[in-house]
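Please prepare a short briefing on the side-chain and packing geometry of this model.

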Amino acid sequence: MKSKLQKKLTQQAERLFMNNFNGIGKAKTKTSELLHGRRSIKEQARIVGKAASDLNLKNLKLLTPIMAQEYLTTCRDKGLCQKYLSTIKCSLQRALFKHENNTLTRVIAFDRKKIPLTDKNRAYTNEQIRLIMTSMNDKAKLSTLIAVNAGLRVEELLTIRRLDEATVSSSRSWSSKRFIGREEGVRYILTGKTGLRREILISKDIAELMENTRLTQPKTIIDRKHSFVINYDLLGGKRLSDAFSRASIKTLGWSNGAHGLRFTYAQNRMDNELINFTDSEAKLIISQELGHFREEITDRYLEPYSKRT
């Protein structure tokens, strides 16, 4: 839980970033120092606000380069990964030096294999996903495309139904704003955790590929000791999880698991497709699309490092 002081410092940082690095809606260039995603601005402001709070500062203006450098070392000693240390360094540099050429000294992370997944941003870039799929068979490729396109858990691929084959859970109040900003697609219904049935949207071209795998008769399979009646010949559950991790390690040298595809979905929605909504509205939309209704869980997908102490 953020303290009042940390919230105040984060608000100061957000004003600083909006005044100096707001690139939302502007063309990207290789030399640009601007931040072009709303989540990027808020995440870097949150990082700076937390750093200032951890350093017991009352005002962001009191932050000095020496303090920032020592803070980076402290973060390294806590076992944060190199990617996140670089993000902290970049955020602090922007807050301290704005558009000057001064920099902080890079610190080297400890072995990332010892860092738990709960402390990582598990999202993949589009290029990383493309590379991973080069080491997959056709069934795994299509299943991966569906998972990232609709933000699915691996076991949810085994429960996909057409709209006339199932109904959404009536115990929930569903927002009419779900899927706003998405390209044209086809709606389906699946069953998620705790038996919650929700609609998903699959892009039209991917849905057409999926329909080509439609079984003439439903089939029962076992995954992780649970039975599933499947209507499509897709890879899901443990088989997809294992196939994805193998392909990721083979092509990238590491894996954040297939669950990272949900991080990719959520962050893409927030950064690119829901920019005209407030944070609260966007988080509600994303939470329902992912199949949960708790903002703190949505924050885990959008602000992966916010749980750190």
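**Ring contacts and helix packing in a predicted model**

R94 lies over the face of F21, 5.4 Å from the ring centre; a charge sits over a ring if NZ of Lys or CZ of Arg is within 6 Å of the ring centre and within 35 degrees of the ring normal. This is a predicted model, in which local features need pLDDT of at least 70 and side-chain atom pairs count only at pLDDT 80 or more, while totals for chains, interfaces and linings use all residues. Residues are numbered from 1 along each chain as its sequence is written, and side-chain values use heavy atoms, with hydrogens and water left out.

**Packing around α4**

- Helix α1 (residues 4-21) and α4 have axes that come within 10 Å and cross at roughly 75°; axes are lines fitted to C-alpha atoms, for helices over the stretch in contact, and angles run from 0 to 180 degrees between N-to-C directions.
- This angle makes α1 roughly perpendicular to α4 (under 35 degrees counts as roughly parallel, over 145 as roughly antiparallel, 65 to 115 as roughly perpendicular and the rest as oblique).
- L16, F17 and F21 in α1 meet S91, R94 and A95 in α4, where contact means heavy atoms within 4.5 Å.
- The residues of the contact of α1 with α4 divide into four nonpolar, one polar and one charged (Ala, Val, Leu, Ile, Met, Phe, Trp, Tyr, Cys and Pro count as nonpolar, Asp, Glu, Lys and Arg as charged, and the others, Gly among them, as polar).
- Helix α2 (residues 38-54) packs against α4 at an angle of about 85°, with the axes 9 Å apart.
- That angle makes α2 roughly perpendicular to α4.
- On the α2 side the contact involves E43, Q44, R46, I47, V48 and A51, and on the α4 side Y84, T87, I88, C90, S91, L92, R94 and A95.
- Eight nonpolar, three polar and three charged residues make up the contact of α2 with α4.
- Helices (H or I, at least four residues) and strands (E, at least two) are DSSP runs, numbered from the N terminus.

**Aromatic pairs**

- A pair of aromatic rings is described by the distance of the centres and the angle of the planes.
- The structure holds five aromatic pairs; rings of Phe, Tyr and Trp (its six-membered ring) pair if their centres lie within 6.5 Å, and planes under 30 degrees apart count as stacked, over 60 as edge-to-face and the rest as tilted.
- Y124 and W254 form a stacked pair, because their ring centres are 5.9 Å apart and their planes are at 0°.
- This pair links distant parts of the chain, 130 residues apart: Y124 is in the loop between α4 (82-97) and α5 (126-133), and W254 is in the loop between α8 (237-252) and α9 (260-273).
- Y124 is buried at a relative accessible area of 4%, whereas W254 is partly exposed at 23% (buried means under 20% relative accessible area, exposed over 50%, partly exposed in between, with a 1.4 Å probe and protein chains only).
- The rings of F263 and Y301 have centres 4.7 Å apart and planes at 50°, so this pair is tilted.
- F263 lies in helix α9 and Y301 in helix α11 (residues 295-302), so the pair ties together parts that are 38 residues apart in sequence.
- F263 counts as buried at 2% relative accessibility, and Y301 counts as buried at 7%.
- Y124, F244 and W254 are linked into a cluster by ring pairs.

**The β4 to β5 loop**

- Most residues other than glycine have a negative phi, and most peptide bonds are trans.
- R224, in the loop between β4 (214-223) and β5 (226-232), has a positive phi of about 50° although it is not a glycine.
- K225 is found in the loop between β4 and β5 and has a positive phi of about 70°, although it is not a glycine.
- R224 is partly exposed, with a relative accessible area of 44%, and K225 counts as exposed at 82%.

**Two buried residues**

- N231 lies in strand β5 and is buried, with a relative accessible area of 8%.
- The C-alpha atoms of N231 and P218 are separated by 4.9 Å, and the two residues are 13 residues apart along the chain.
- Leaving aside neighbours within four places in sequence, N231 is in contact with I160, R161, E165, T213, R214, L215 and P218.
- I206 lies in helix α7 (residues 204-211) and counts as buried at 10% relative accessibility.
- Leaving aside neighbours within four places in sequence, I206 is in contact with L142, L145, I146 and N149.
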